[in-house]
Amino acid sequence: MKTFEEMWEDLKPYLSCEKGLDEGYYDGKYTRYFARYCKHIVGVDVSQEFYEIAKENLKDLDNVELKVMDALKVDYPDKYFDVILCTSFHEFDLSGKEEFKMDLDLKRRILNEMSRLSDTIVFAEIDPDNLSAELYKVFNPIEEHGIRTQKSNELIDQVLKENGYKLILCDRAVDKISYNSREEFKEDMLAWWAEVHVPETEEEKQEMLKKIEDILESRKFLTNLCFDDVFRYTVYKRG
Ligand SMILES: C[S@@+](CC[C@H](N)C(=O)[O-])C[C@H]1O[C@@H](n2cnc3c(N)ncnc32)[C@H](O)[C@@H]1O
């Protein structure tokens, strides 16, 4: 499997361009990688809160323009962007909070809007068997995160092919996220899905931490103080 840096090297030829769109920038982690290659990036995200966080995180970059904007209606002309980068598209409907359902129609409409905006679209999605699928269940036991990712990937492939794109690159890579201590590692895991559930009592927090510990140890991640975040990345091109 490729390393995280090798993944960006593979994507470099597609991300190196004049005008790029980052769909759903969240805290800006992946926007920063994109900004190594693209001369001017427009980032869109529906969340005002994430806008404030990403603005602070990316304040040293002068080639990123962040906007609070719905990916369903991106206010730019047809084919305006040389490339679109979209990471964690499976999360674009946060329907897993109370009941497990996927809004595939919403995803289809967002993919159609992306197809209007660029002939090159790059996706980086967590792999369906990424351990985060198990961890997510600590926060919402009825959420089938692995299935969500799988269905989302299938939909991406289907809709983009319907829109005339060809899949020209598909590979896997691992982002090795390191921690200094077991405590820091587990606390960070609690924070990853804080928007889904925050423990209400100290007792509940300890129960959640114990479940997180068991899941992480099933792959020796806690012993190694390293989370292997496995990605599947794809490039679709038209014309
Ligand atoms: C799981 S996060 C992925 C963020 C980031 N790309 C990453 O990989 O870390 C999904 C992001 O999409 C944003 N989002 C969800 N629905 C959206 C929509 N309709 N338009 C724009 N952004 C949206 C969320 O606010 C969130 O920041």
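Trainee: Which residues are the closest to the ligand?
Mentor: This is a predicted model, in which local features need pLDDT of at least 70, side-chain atom pairs count only at pLDDT 80 or more, and totals for chains, interfaces and linings use all residues. Residues are numbered from 1 along each chain as its sequence is written, and side-chain values use heavy atoms, with hydrogens and water left out. The ligand is surrounded by 14 residues, and the closest are G24, D45, D70, A71 and T87.

Trainee: How many residues of the shell around the ligand are nonpolar, polar and charged?
Mentor: Ala, Val, Leu, Ile, Met, Phe, Trp, Tyr, Cys and Pro count as nonpolar, Asp, Glu, Lys and Arg as charged, and the others, Gly among them, as polar. By these classes the shell has seven nonpolar, four polar and three charged residues.

Trainee: Which side chain has an N or O atom 2.9 Å from a nitrogen atom of the ligand?
Mentor: A polar contact is a pair of N or O atoms within 3.5 Å. The side chain at 2.9 Å is that of D70.

Trainee: How many disulfides does a search of the whole structure find?
Mentor: A disulfide is a pair of cysteine sulfur atoms within 2.5 Å. The sulfur of C38 is too far for a bond because the closest cysteine sulfur, in C17, is 3.9 Å away. C86 is in no disulfide either, its nearest cysteine sulfur being that of C38 at 15 Å. The number found is zero.

Trainee: Is C38 buried or exposed?
Mentor: Buried means under 20% relative accessible area and exposed over 50%, with partly exposed in between (1.4 Å probe, protein chains only). C38 has 2% relative accessibility, so C38 counts as buried.

Terms used:
Near = heavy atom within 4 Å. Polar contact = N/O pair within 3.5 Å; in protein donor to acceptor, adjacent residues only side chain to side chain.
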